[in-house]
Amino acid sequence: MPPSSLLRTLFLLLAVAGSAIAELTFVATARQGDREIPSSELKFIRTTPRPRHPNLHGGPGQTETGTGELGKRDITAYGPSWCGASQQLAAPEQLSSVYGIFNVPKLKLRAGLSAPQNAAAWGGVDGDSCNRALLQVGVTTLINSNGRQITEAWWQWWPSASYSIPSIPTAPGDWMAVNITMTSSTSASMYVHPTRIHINVMAAMALCRTNATWIFEDYYDRAGSNNMADFNDVWFEYTTATTVGGTKLGVDGGVFWNMQNSTGQLKCTAQKYDNSNFFVRSVM
């Protein structure tokens, strides 16, 4: 944790959620190596809230694929925008924290689609069986027609706006570690590497705290689904969900999401290696 002497920056915003106005506040500090990052260099760029993804929480053809921890069976599910894994808690259990390491997507132009093309990888809380709110931290990669790739770290407490974090330099193939600790259903602490940035956030839209999510996503904005690029394998490692009671879970017995288009053709798959590690693979 950064020491209390670090400079702190406070950002207050009002974000529209439906017809109600939801207040979101956050405080951030950061270090890079042994250097404290001054508040003047610690930047967050607010962007328009992303719309809800259609058919995100339950594609057709869900199947049981194997026996995981605690006697639960892994579930394979299909949808239009996610590849990855989610761990779902049963009431009254609630999440205390979610942790994971993943590599920044390294993209290749997908034949037959116009550029730019892109994709995102992130870790988060909720967004699967509970979809009233979603707290997510991750990175987006965009590839232009000339093959140049641009990456951007960001976080969002959906349905409020998202924030890019230019203070975290990223490049395709880099590794990002994300640790989210819930202090209540409306407050959380996020810690992101490689730049050691620490964000305390409070929001009006309460999380259920029942889904731990590690996701590769076909990025979606108000204009519709962008063209998802082809990509090298994206690994999610040391995935850990901790409950309020102290139980630690990996991905065993979780939901493994595969992405398919409107005709049922696969675009990418999630493949488990073990309880703590899995990877997402592009399907051409």
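Predicted model: local features only at pLDDT ≥ 70, side-chain atom pairs only at ≥ 80, totals over all residues.
A disulfide is taken here as a pair of cysteine sulfur atoms within 2.5 Å. Residues are numbered from 1 along each chain as its sequence is written, and side-chain values use heavy atoms, with hydrogens and water left out.

**Disulfides**
- C83 and C268 are joined with an S to S distance of 2.0 Å, and the link is right-handed, with 115 degrees about the S-S bond.
- This pair links distant parts of the chain, 185 residues apart: C83 lies in strand 7 (residues 82–88) and C268 in strand 24 (residues 266–272). Strands (E, at least two residues) and helices (H or I, at least four) are DSSP runs, numbered from the N terminus.
- The sulfur atoms of C130 and C208 are also 2.0 Å apart; the torsion about their S-S bond is about 65 degrees, so this disulfide is right-handed.

**Burial**
- C130 is buried because its relative accessible area is 5%; the term means under 20%, against over 50% for exposed and in between for partly exposed (1.4 Å probe, protein chains only).
- C208 counts as buried because its relative accessibility is 19%.
- Buried residues make up 53% of the 284 residues in the chain.

**Fold**
- The chain has 25 strands and zero helices.
- T25, in strand 2 (residues 20–32), is buried because its relative accessible area is 18%.
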